[in-house]
Amino acid sequence: MCAGLHSIILKTLGAKECIFIICSSFETEWRPRTECSTGCRYLNMGNLLKVLTCTDLEQGPNFFLDFENAQPTESEKEIYNQVNVVLKDAEGILEDLQSYRGAGHEIREAIQHPNDEKLQEKAWGAVVPLVGKLKKFYEFSQRLEAGLRGLLGALTSTPYSPTQHLEREQALAKQFAEILHFTLRFDELKMTNPAIQNDFSYYRRTLSRMRINNVPAEGENEVNNELANRMSLFYAEATPMLKTLSDATTKFVSENKNLPIENTTDCLSTMASVCRVMLETPEYRSRFTNEETVSFCLRVMVGVIILYDHVHPVGAFAKTSKIDMKGCIKVLKDQPPNSVEGLLNALRYTTKHLNDETTSKQIKSMLQ
């Protein structure tokens, strides 16, 4: 031990982190931590102290987030129960989307034989219930947005840091992860199903034609013109659920002007870091009891990176980003290739800043 320094203890006083110094002269004092150019933190004490060695704690959040078993504490229950009402329907939405086959055959027949009334009626009869499903998906996105905003409010509030929130409120962190997991799965299924936009386009064209001809349209009351316009914008997006979450997060930041944007973006970057650390640390990974938890963690990590990239002013790929993008990409590439190609494609094609000049060549080459 250094002759001038007998012990160093990290402590938190409110929101300010300090270091307790016991010097050889037995003077003791609390001093706020400052930061050196390398990211290591040290004290301004003249010549007595220079840079303190960085510890693992300084490299980022390093705790286990129990995605499998986290249960809400009393203080979490109100938000948890509200979000849980939404999430319990998520699996059913995905099942409906996965089984969505579309009315492509009926639509083609109707278009090829425009004067055959029976084929027109058959196509319309096939499309109307499908549009009812699309309406349900869209309405679920609005419910999911409300749930996300509730979680962001809880996980970014003062006086706790994002790391403290995620560690203290693991059930809410788990729900946040479940929303991201659902979002990526929904968008993957939507992107591979062109029937969705084809069906809705045919529905709108036919409905417009019926109105011009004063023909009563079954199903018109279910999706009025205003709702149809909003649904059309939603399904025109390559990744509609992600766009919904991104817009909701941006709106949350703009509506909470007293809350620094860093509270929100740090919550996202911390979640990405926690997922990466759990995946690359054998001690943590061995605690997963369900083999699906690894893919869950990977998907959440990618989802939160994409969300951060859309919300943060300079994105996830800049040198100043608080997300270790090289580490995250390496974790993905360490998995069996066929299990993560979709996630790598999500980083390639649904992020906002990957192709910016500020993105390093190394990161770009890792994603080629």
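Student: Which residues of helix H13 (residues 325-333) are buried?

Tutor: Met-325, Gly-327, Cys-328, Ile-329, Val-331 and Leu-332 are buried in H13, where buried means under 20% relative accessible area (1.4 Å probe, protein chains only). Helices are DSSP runs of H or I with at least four residues, numbered from the N terminus. The model is predicted, so local features need pLDDT of at least 70 and side-chain atom pairs count only at pLDDT 80 or more, while totals for chains, interfaces and linings use all residues. Residues are numbered from 1 along each chain as its sequence is written, and side-chain values use heavy atoms, with hydrogens and water left out.

Student: What do the buried residues of H13 pack against?

Tutor: They pack against helix H10 (261-280), H12, H14 and helix H15 (361-366); contact means heavy atoms within 4.5 Å.

Student: Why is H12 called roughly parallel to H14?

Tutor: The axes of H12 (residues 292-311) and H14 (residues 337-349) come within 10 Å and cross at roughly 5°. Angles under 35 degrees count as roughly parallel, and therefore H12 is roughly parallel to H14.

Student: Which residues of H12 and H14 meet?

Tutor: Leu-298, Arg-299, Val-302, Ile-305 and Ile-306 in H12 meet Val-340, Leu-343, Ala-346 and Leu-347 in H14.

Student: What makes His-312 count as buried?

Tutor: His-312 has 18% relative accessibility and therefore counts as buried. His-312 lies in the loop between H12 and H13 and touches Thr-265 and His-353, not counting residues up to four places away in sequence.

Key:
Axes fitted to C-alpha atoms, helices over the stretch in contact; angles between N-to-C directions. Helix = DSSP H or I, 4+ residues; strand = E, 2+ residues; numbered from the N terminus. Parallel < 35°, antiparallel > 145°, perpendicular 65-115°, else oblique. Buried < 20%, exposed > 50% of the residue type's maximum accessible area, 1.4 Å probe, protein only.
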